[in-house]
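This briefing goes through the structure shown below, starting with its charged pairs. Core, ring pairs and surface follow.

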Amino acid sequence: MAGRNSPWGGGKGGGKGGSAGKSGDEAEPDGDNHGQGDEGTDAPTGKGDGENKGPRNPWLPSGDAPPRRSASIEDIFRSRDPRRPGGGPRGPGGGFPRLPRRPDGKSWLPLGIGAALAALVVLTSFHMLGPKEQGIVTRFGKFSRIIDSGISATLPWPIENVEVQDVRSFNVDMIPDNDNEKLMLTSDKNLVDLSYIVRWNIKDLKDYTFRLADPSETVSEVAEAAMRASIAQVSLNDALSGAGRARLELDVRERMQRILDYYKAGVAIQGVEIKKADPPAKTKAAFEQVTVSQQEAERDRSEARAWAQQLLAQAQGNAASFDKVYEQYKLAPEVTKRRMYYETMERVLRDNDTVIADAPGVTSYLPLAEVRRRSAPTGGDTATVTVDPKEGQ
């Protein structure tokens, strides 16, 4: 096989691993040479016309070619595009997939960017505010102006920014916001457990935005300070009674408004309502007994006042009746005397069974008392018989 080219060697005449002029006897006695005797089989190693760099792929074309690297995972899974050299649609350098083109061959990217900018300008330049809302406009973070309800136009973001607030709805804060006791000292050195509600809204949006870090917390602290100052000026009975509560609520509201106006908080206090005013839990039973005793005492006083008014009205009526009788008496004294005498004697002797007739010649006696006694159970009418002493003579 000396005349054949080895698939591992070079071409004609000067291949790698041996030349045509060398026989098997002239082969190098190297142990790595696996050639068989005088057959002159070329070994993978050796020196020829060119330098031997290892076995050559028999499927590649002959000739000098750049060395090839082994295939990687990216090369295996990369989609091949015969129109683009070096791989798939991203090209040899990678990147984003190619976007579709306009009919004139230009890219849609500039138009998309322009449309996005136009939408941003429109959305951040026109603002629709509700009837209860106001907006505060800041230019590069600094206050610019206040816009009212309706449609308003501003410079686009980020030049101007608008923060919308509801300035007419009431905010309600419950103090305390849990079931814990809130004990306060009254003017008579008693403790009272108070819970109350504060209603407020925004009256100056600029001051409210730039002067208050936490509006709800600020209002709660001012309310507690005003309540403690006001409750210290009233007694426990006034704090627990209805009339005392009304005065206390008005005083707390006015005091809170003065404090907030002094600090220019931009808040208007609409009302303060006391929901609970009770003695401390440890002394609540004793206070309830005192309250029951006070209610009973008030009831007794009311009954006494009613009885006194009744007696006074009766006395006034009797006095008015006597005045009328006295006026008639002055007109006819004798007649009035006789009539008053008869009325008095009739009232005295009405229930008397003894009849005394002081007249000479009276021989007959009619037992009127017995007749009346007998006729009373039957419901009959009692008859009154008047006997003239002159008729019996």
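The structure holds 14 salt bridges, a salt bridge being a side-chain nitrogen of Lys or Arg within 4 Å of a carboxyl oxygen of Asp or Glu. The model is predicted, so local features need pLDDT of at least 70 and side-chain atom pairs count only at pLDDT 80 or more, while totals for chains, interfaces and linings use all residues. Residues are numbered from 1 along each chain as its sequence is written, and side-chain values use heavy atoms, with hydrogens and water left out.

**Salt bridges**

- R301 pairs with E298, the closest N and O atoms being 2.8 Å apart; both residues lie in helix α7 (residues 284–331), 3 residues apart, about one turn of the helix.
- R301 has a relative accessible area of 42% and is therefore partly exposed, and E298, with 36%, is also partly exposed (buried means under 20% relative accessible area, exposed over 50%, partly exposed in between, with a 1.4 Å probe and protein chains only).
- The side chains of R299 and D300 form a salt bridge at 3.7 Å, N to O.
- R339 bridges to E343 with the closest N and O atoms 2.8 Å apart; the two lie in helix α8 (residues 333–348), 4 residues apart, about one turn of the helix.

**Fold and core**

- The chain has 9 helices and 9 strands, taken as DSSP runs (helices H or I, at least four residues; strands E, at least two) numbered from the N terminus.
- Of the 393 residues in the chain, 21% are buried.
- Among contacts between residues at least 6 apart in sequence, 59% join residues at least 24 apart, where contact means heavy atoms within 4.5 Å.
- The largest nonpolar core has 32 residues, and Y196, V198, M227, M256, V267 and I269 touch the most other members; such a core is a set of buried Ala, Val, Leu, Ile, Met, Phe, Trp, Tyr and Cys residues joined through side-chain atoms within 4.5 Å.
- Elements that each supply at least two residues of this core include α4 (215–231), α6 (242–262) and β9 (267–278).
- Leaving out residues up to four places away in sequence, M227 touches M184, L194, Y196, L248, V252, V272 and I274.
- D207 sits in helix α3 and is buried, because its relative accessible area is 17%.

**Aromatic pairs**

- There are 4 aromatic pairs, counted when ring centres of Phe, Tyr and Trp (its six-membered ring) lie within 6.5 Å; planes under 30 degrees apart are stacked, over 60 edge-to-face and the rest tilted.
- F143 and F210 pair edge-to-face, 6.0 Å centre to centre with 80° between the planes.
- This pair links distant parts of the chain, with F143 in strand β3 (residues 142–147) and F210 in helix α3 (residues 205–211), 67 residues apart.
- Y262 and Y263 also pair edge-to-face, at 5.2 Å and 85°, and both are exposed.

**Surface**

- The chain exposes about 29600 Å², 55% of it from carbon and sulfur atoms (Shrake-Rupley method, 1.4 Å probe; for residues, only the protein chains shown count as cover).
- W157 lies in the loop between β4 (150–153) and β5 (160–166).
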